[in-house]
Amino acid sequence: MTPAPSIVVIGGGPRGTGVIERIAANAVELYGDRPLDLHVVDPHPAGGGRIWRPDQSPLLWMNSMAEDVTMFTDETVELAGPVVAGPALDAWAEDVRAGHITPDADPAVLAEIHGLAGADFPTRRLQSAYLRWTYERALAALPPGITVHEHRTTALAVTGPRGGRQRVRLQDRPEPLLADLVVLTVGHLDAEQDPEQQGLADFARRHDLVHLPPDFTADSDLDALRPGEPVIVRGFGLAFVDLMVLLTEGRGGRHENGEYLPSGREPVLYVGSRRGVPYHAKIGYPWTGERPPLPQHLGPAWTEELLSRTGPLDFRRDIWPAVAKELGHAHYHRLFTAHPERTALAHEVFAEKYAAADPGSPELAGLIAEAVPDPADRLDLDALDRPLDGVRHDSPEAFQEALRAHITADLARRHDPEHSEDLAVFLGLLSAYAQLIRLGDIGSWWHGFFSYLASGPPGPRLHQLLALSRAGVVRFLGADLTVETDEEQGLFRARSATVPGARTEARALVEARLPDPSLRHTASPLLRALRDGGAAITDDGLLAVDPADSRVLDDEGRPHPRRLALGPFTTARAGGAFTRPRTGGPAFRQNDAAARAALTFLRDLSCRGLLAS
C-alpha cells in the first residue's frame, strides 16, 4: 500500500498556526479527501509557541489593543484561497463571555478574558489562549483524510535530495521524520554572540560582572541584576519595556496615581540607544471619516518595475524616495480632508501638484511649504526618525527633564485626534510594508524605522516610564550610545553624544533587544544546517525565499521543491507578529500562497503514487 504523503511544519507559533489555518482553508479545493500526514514540531505548546507560551508573567502585555489583533482573513487580503472569517481577539473574548467558546485556559486567564475590552492591551498569556484556540479550530477544519501528529521537541536538521523525501532530525529521538514537504515557521530564535557580544561576555567573566546578551526578555536571567545597583541598558524598544516592567512591578513595586512606589529591590536602569528615545506610543484613538487611498505612489506596478531592474537595489536611492512620498500622501490627504483649517490650498489643487512632483524635489518641498503654513503640520520623517540629532544638554539632569517632556508630548499627540494625520501615516506604513516585502531583502533599516514609528508600546507603559524616571529608577543616557570596557577598573562605561562629557559606570550591561534573525549568527542547529547546506543567504543574513510562494532558494537562485520558509529569519518577513483586521495583512497572503503551493505539490505527489500502485 502506498503511504500517505506527509508535510512537516517546524514551528507551532503564530506563523505555523497561520499556515495550518490556510492549509485547512484550501484543502478541499486543492487536495480533496486524499490521506495526508501533517506533523507539527515545536518544544512549546502549538498555537502560541515559545514567544506566546501560556506560562508567562501576567505583567507582560501585548503592544496592540485587543480589537487590533486577528488571526483570520477578510476581504481586504489579496489571496488566491478562500476567505475564512474568524473573530479578532476582542470578539473572541465576547464569544467566550457569551459561552459560545470554551477555551482551554486556567482560571486567572479566564478572569482576564471576562474583563477584556476592545481598547485594552491584553496580557501575553491571554493572547496565548486565543492562539491555542485558533490552532485547534484550524485542526478541526481539516478534512478527515488529514491526520495531525504533534511532536513536542526541537527539529535539529532537514536533509534529503531535492527530488526525494526529506528527513527531519529531532532532538532526543533516534529516527527522523520522513517528509515529502517541510515548512519552516520557527519564528524568533536564539543567536550565537557576534564578536562584539562575545568580547563583552569575556570581559564580564574576567571581572565577575553581569552581561545579558540580546534575548527574549522573559527568558533572560534577571535575578543577576542586584537591587540598587546601576545597570546600563542598550536598547529603548519593546524589549526594554518588558525589562522595565519585570525589574520594577515584577519585584514588588507599584504604580499609584501616576507615581511609582518602589519596593527597594529594583536596580537603577541607565537606558540609551541609537535614537536615545523610546518607540512612539501606540495611537490611542480610532479612525473616523475618509481613509487615504492606499497604495498611491507605492503600488504593485511600482514594485514590478523595481523587480524588473537588473542589479541590486539600493534602499536609499531606489526605494526610500517613493516610500517617503507615499507616507506624505497619507499624511496630507488626512490633513486636508479632516483639518482643512490648517491648510492654505484647495485639496484638489494640492493633490494634483503633489502627485506630479518628484519625490524629494525642491518643487515638492515648495508646494508643501505653500500649502501647509505651520511647519509643525508638515511631515518630517528625518526628524521623526532621529529626534535627538544635533541636540546637546549640559548635564544629565537637564536631559532627564528634556526627555520626560519629549515623552509627555508624544503621549499627548498620539492620543489627540486633532493630529489624526499620524494615524493616516500609520496606515501608510502598513500599506508600504505590504509592497516592500515583495522586494525581498531590502536591509534592516526599514524594519527598524517601521517598528519605531508603528509598533511602539501602549501609552500606559510610557506613563509608567515617566513615573519611574521621576522616582530615579530609570535614568536616560541619550542617543548614539556607546559602551566601553575598562580593564583596569573592571567596569562597563557608557557614553552618549546627547550629554557630552558625561559617562555612566556599571557592573551590569543588558542588551535590550531580540537576537538578530541573521542565519550567520543563529544558534539554531536547524537553520545552521540549512545555511551550510547551500541555502541562499542575503547580505543581512536572512534566508532567501521565493516571494511568490516562500520556497527556499539555493545559492544559485533555484527554489527548493520540498522546502518552504516564512518568518523573521527569511526575506518574506512581515511587519509585526499580528495583523489588524481589514488592513490586508501581507502575512495572510504569504501564508495562503505557501499553503496552496504545499497542497498542490502534495496532491500531485499523491496522484503519481496512486497511478504507480
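The model is predicted: local features need pLDDT of at least 70, side-chain atom pairs count only at pLDDT 80 or more, and totals for chains, interfaces and linings use all residues. Residues are numbered from 1 along each chain as its sequence is written, and side-chain values use heavy atoms, without hydrogens or water. Helices (H or I, at least four residues) and strands (E, at least two) are DSSP runs numbered from the N terminus.

- Six strands make an open, mixed sheet in the order 3-2-1-7-19-18, where pairing requires at least two DSSP bridges between two strands.
- Strand 3 (146-151) and strand 18 (551-553) are at the edges and have a single partner strand each, so one side of each lacks a neighbour in the sheet.
- From one strand to the next, the twist averages 30° (axes are lines fitted to C-alpha atoms, for helices over the stretch in contact; angles run from 0 to 180 degrees between N-to-C directions).
- Strands 18 and 19 pair antiparallel over two bridges; arginine 551 has leucine 564 in strand 19 as its bridge partner.

**Helices on the sheet**
- Helix 1 (residues 14-30) touches strand 1 (6-10), strand 2 (36-41), strand 3 and strand 7 (181-184), contact meaning heavy atoms within 4.5 Å.
- The direction of helix 1 makes about 150° with that of strand 1.
- Helix 4 (residues 124-141) touches strand 2 and strand 3, and its direction makes about 145° with that of strand 3.

**Loop residues**
- A cis peptide bond with omega of about -5° joins leucine 294 and proline 295; proline 295 lies in the loop between strand 12 (268-272) and helix 7 (300-307).
- Aspartate 480, in the loop between strand 13 (474-478) and strand 14 (482-486), is not a glycine but has a positive phi near 50°.
- Arginine 582, also not a glycine, has a positive phi of about 65° and lies in the loop between strand 19 (559-565) and helix 17 (586-612).
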